[in-house]
Amino acid sequence: MNFVTRRHIPRRSFLKGAGTAIALPFLDAMVPAFAGAATTKSPVRMAFMYVPNGIIMKDWTPTTEGRNFDIPRILKPLEPFREDLHVLTGLAHRTGDGAAGDHTRASATYLTGVGPKRTTSADVEVGISVDQVAAQAIGSKTRLPSLELGCEISRSVGSCDAGYSCAYVNSMSWRGPSTPNPPETNPRQVFERLFGSLAGIPDPTVRTRIEEDRKSVLDSVTNRTRQLMAEVGSADRHKIDEYLSSIRDIEQRIAFPGGDRQVTPEIEKPAGIPPGFVEHARLMNDLLLAAFRADITRVSTLIYAKESSTRSYPELGFSDPHHPVTHHRNDPDLVEKVTRINCHHLEQFADFVRKAKAIPEGDGTLLDHCMLVYGSSISDGNNHIHENLPVVVMGRGDGSLKPGRHLSYPETPMTNLFLALLDKMGVHTEKLGDSTGQAAHLTDV
Amino acid sequence: MRYTSLILVCVAPFCIAQSSPPGATFGPFLAENCYTCHSSKAKTAGLDLEAFAGRASILEDRATGESVLRMLKTGKMPPGGMLRPREADLAAVIKKLEDAFGTSAAVTKAVSGHVPPHRLNRAEYNNTIRDLLGVDIHAADDFPQDDSIYGFDNIADALSISPLLTEKYIAAAEKIANIAVFGPELQPEPVRFDVAVPRRMETTNIVRITKPAYNSMSNYDVTGLSQPGSYHLNYQLPVTAEYVFRIIGAGNRPAGSEPTHCTFWIDGKIVKTFDIPDVSLSGFERRPDTWEARLKLPAGTHEFVVAFPRQFEGLPPRYGGPNPSKLPEPPPLDPERFRAPSTDNRPGKIEERRIAYERAKEQFAHPTWEGLSVTEFDIVGPYNHVKGASKESLQKIFICGDQQPACLRTTLSNLAARAFRRSLVAGEIDPIVKIAESAQRRSGSFERGVAVGIQAILVSPDFLFRIEKTSVSDTGPRRLTDYELASRLSYFLWSSMPDEGLMNRAADGSLKNADVLRAEVKRMLADPKSRALFDNFASEWLEVRRLESLNPDRDSFPDFDDYLRSSMQKETELFFENLVRNDGNILDLIDGKYTFLNERLAAHYGIPGVRGKEFRRVDLSGTNRSGVLGHGSVLTVSSYATRTSPVLRGKWILENILNAPPPPPPPNVPSLDATSAGTSATLRQVLEQHRANPVCSSCHTRMDPLGFSLENYDAVGSWRDKDGKFPVDSSGVLPDGRTFQGPEGLKSVLRADKDAFASALTSKLLAYGLGRGVESFDQPAIRQIVSRLPADDYRFSSLVLEIVNSSPFQMQRGAGAP
């Protein structure tokens, strides 16, 4: 066994230019932009970007409401885009009892609005997450129903938080109450999922042959798995069924109808996981933008850091791990460090926003057709508060949102916001988790 | 015949205890301590102990009885906040319960648990691919993390499949099949290793290193291999080829030093020496130097080391090292310049100059320097790699020489049977052969047909899952088939598929024979593949897998570099492997007076006389360490980044040594303000709340004393006599009144109840081997295993054999049972 420490994980530098001649790959799956779209209307994209351990709210919350809101320190990088920005205060998550395990609960409830079942066994149970509600409704229009991305490699094993399974922290997206949807953290793998792995094979007959081989392999697996389901006892079938439905998912994706237009990705194939946080986050940003641009998917979650993350950010000049420093007990030095980490995270989001705004699309920009939710499931990390959560929504949802305002809600469930956004995307859902209706005012001026 | 031992032998006292109603024997105890919550009226957590007591015989409700026994024995019940029963009463009740259930399985027949279809976890996938096809690329390292429960990531219930994982299985199958048949097709790529904060020799900032990793400037490792600043890496090269190794070093030597060198070692030999000419600079800036070497190396794991030899030689005479420099030394910085009159007298500036003056004076009196270290190590390659499949792969795959159609069938049948870990049923291989034949037609290549056939095999559920089939209506237990037993055995001891020998024993029916089974177990333990028991069982059981991702505070422990970290891991690995390979006494895990050290780790522990970077067995008599609780790895994973925690260490012991984990803390416990520990109060005083508050004390009186006894080991495992200003008080008092002192006292306490440890280890090893959690109906088997260990001196192989021979291991139960 190779003993490599976390700091020594092979970090493949994303070398530009000299030394690594990486040809722009050809696609193996035919995915034209806006497949089958007869109208000129650009599709609405929805993405949730997450940061953990809470935010120093005094440097986040604008002091004024409405259109002329001030931009506090942490949100400063978004100032150039204030016309596309909704700052929302007053949204909350109810995460059940106050016993230990707060971070795990926060992670599990953020996109679901459901308190997770307290178990360390395999019987995890929470609820379907908002991104998957969207994916199930509109995901068939794109090759990938949704894309889950993350920047934190989970190497640690063992218990996560008193009495709760690690599954609740490893995934924030849930396809169903018991089906976690873990994110991909390796940019190279993401690239291959989006654009195919037949890179560098110039001969189309060879590519076709490989695709046919792959298809026949999948067929045989499907047949055998179905057969096996009948052979095992009823209680064991669900394990085999998990496999069968996954294979069906993949078959559908491969069979996705596209024209003959091939899409060349705008970015080079990454070599692997970059060494630093900023590089990693920005690479994920670029991949998601490429996926949106080529309409490979319209729904995504991007976890910049997992809940209760202990990642440190030496590029900021200090080596304190994130989670412990958020228990600052009001020590001004520690509070300052937390604020700087908050700013650092937000800058990566601002990088995404800036690039999205620079991509012309339809009658505007890609940003115009997006609804990007950036936030955390904890407001005050020192005391583990889940009210008045920090959340901003960037983008106009193709005209369905009227941003450029600070909206303050009376104690309202976060899931009401999600329900409203789903509605604006054309996904009509009665309820999500603990929602009580749709958050108002997002559309009026 | 194996079952005769499991059938209850009705000895008189057993019978009496079993036949008398529980109410008579246990009623008073239950009433006093349990009925508050677990009465028929309250039924907290669904448990009605009044009903239990009212039964005619204690055997009527085994599950409840075993559960009560377990809860009482581990101290989990009564819960935190409730009064504890008198120790004498508790002990008596526990004894009576144990006598009642005895060591037998149920009176009429053996019981066993149900293991659902068991997906290969990542380690198992990697190992199985290696053994099946001779391809060792660790494809599963890119798969999503497996969920772990009961402390292990090989538990069938928790191993689910997501679409992401399925995609990866499919992609991996294609990649592996192509490498196996055609050989790898790799482009040169850089792999980069960063040294996060390079180790410095002596720092010029406020923190001084109090215990450097060397003895003195004239008594140290002159090769530099064990010195701070050296770099150590074990890395697996994918293929025989040329590789470029790039080393980026930094740091400097004092002005006036003689030139020095850096040596690059591969597998214990110097392959290149780089000159470091005069690196004097006026300041203490880092100046990166880059060194490169291009070499051809065979595929496989290699050890790469970068060292700076003779680092204390050639220094200016003022520094006091051996063989001082003969070069002229520029005059040192005169501190007085900071006291010269200045025009800038703003308050901040005066303070700045004062600090600079103090520093310069210190430097003048006790000169220090940054020292040389490695900051980055890159491996770029492979260049010009050997093309074609490896000999090993070809041997495993192509068993018929020609390319006849029949050969395709033979080849794939052979592989499928090995991959599915059983014999194939008639016609089973046909669909796979069909795919392979189409692929062969499409491409015109026999090998291509084989490769696609392999792809189909590797994504088949028969490969990815270990399935011990039970039919729809099955509720009773059945004995495993020989093939199923062989699989359980090999995944238990090797985390991989059965080898040819084991499969042959399964095929000819001889695995049923107790002697044959014993011989196989011994053979498998002696095989190098049994290192999986450390990699996957011990590293999770002892939690040392977490060592990888821990970051002890750099200011408090500047000595803790990655070389120390990897050395700690290696110590525990070798200790455990020694137990397995040489069939040691499992009690050595508690207090074995030996371990395995290299110079770096020995220096860290303060153990003299260990020189060189090789690990060797070291006798610990006369030192203050023994067993795994003296290992730096264990002591570090049970601490925080900045300080020790008796609570964490106590919890570690309760969970891993005694299998009696404490319940989670009550809600709203504020976080501990430990800033005063070591400065104005001892840690013990800061944790006084745990003793004073009755809500806390019921659990903490079990945990804290265990942790306090280890307080002489700091948060990275070095011995200390003082914590800050205060001498360490390592005394402890157990809930039953026994007192003990220090780590040796702790070990005596643990040793005194060695069956508790043996039982804990048995439970954990059993759960790991079964791939399911241990249930109440497994307890008789566990007690029986533990009772047999003393007869063979608690040998590790005995423990494994007893587990393998137990009914939980040899049987599978249908899921239909209650």
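**Inside chain B**

Tutor: Let's begin with the largest nonpolar core, which has 92 residues; B:Leu493, B:Phe537 and B:Phe576 have the most contacts inside it. A nonpolar core is a set of buried Ala, Val, Leu, Ile, Met, Phe, Trp, Tyr and Cys residues joined through side-chain atoms within 4.5 Å. Buried means under 20% relative accessible area, exposed means over 50%, and partly exposed lies in between (1.4 Å probe, protein chains only). Helix H28 (residues 754-770) of chain B gives the most to this core, with 7 residues.

Please keep in mind that this is a predicted model, where local features need pLDDT of at least 70 and side-chain atom pairs count only at pLDDT 80 or more, while totals for chains, interfaces and linings use all residues. Residues are numbered from 1 along each chain as its sequence is written, chains are lettered from A and ligands numbered from 1 in the order in which they are written, and side-chain values use heavy atoms, with hydrogens and water left out.

Now step back to the chain around this core. Chain B has 31 helices and 18 strands; helices (H or I, at least four residues) and strands (E, at least two) are DSSP runs, numbered from the N terminus. Of its 818 residues, 56% count as buried. Among contacts in chain B with a separation of 6 or more, 74% are between residues 24 or more positions apart. Contact here means heavy atoms within 4.5 Å.

Setting aside neighbours within four places in sequence, B:Phe537 touches B:Phe152, B:Ala532, B:Phe576, B:Leu761, B:Lys764, B:Leu765 and B:Tyr768.

Beyond neighbours within four places in sequence, B:Arg505 is in contact with B:Ser510, B:Leu511, B:Val516 and B:Glu520. B:Asn598 is 93 residues away along the chain, and 42 Å separates the C-alpha atoms of B:Arg505 and B:Asn598.

Next, a strand. In strand S3 (residues 231-237) of chain B, 6 of the 7 residues are buried, so S3(B) is largely enclosed by the rest of the structure. Its antiparallel partner is strand S8 (residues 300-307) of chain B, joined to S3(B) by 7 bridges; two strands pair if DSSP finds at least two bridges between them. At one point along the pair, B:Leu237 is opposite B:Gly300.

Finally, a pair of helices. The axes of helix H23 (residues 646-657) and helix H26 (residues 694-708) of chain B come within 7 Å and cross at roughly 105 degrees. H23(B) is therefore roughly perpendicular to H26(B). Axes are lines fitted to C-alpha atoms, for helices over the stretch in contact, and angles run from 0 to 180 degrees between N-to-C directions. Angles under 35 degrees count as roughly parallel, over 145 as roughly antiparallel, 65 to 115 as roughly perpendicular and the rest as oblique. The residues that meet include B:Ile653 and B:Leu654 from H23(B), and B:Met703 and B:Phe708 from H26(B). By class, this contact has 7 nonpolar, 3 polar and 4 charged residues. Here Ala, Val, Leu, Ile, Met, Phe, Trp, Tyr, Cys and Pro count as nonpolar, Asp, Glu, Lys and Arg as charged, and the others, Gly among them, as polar.
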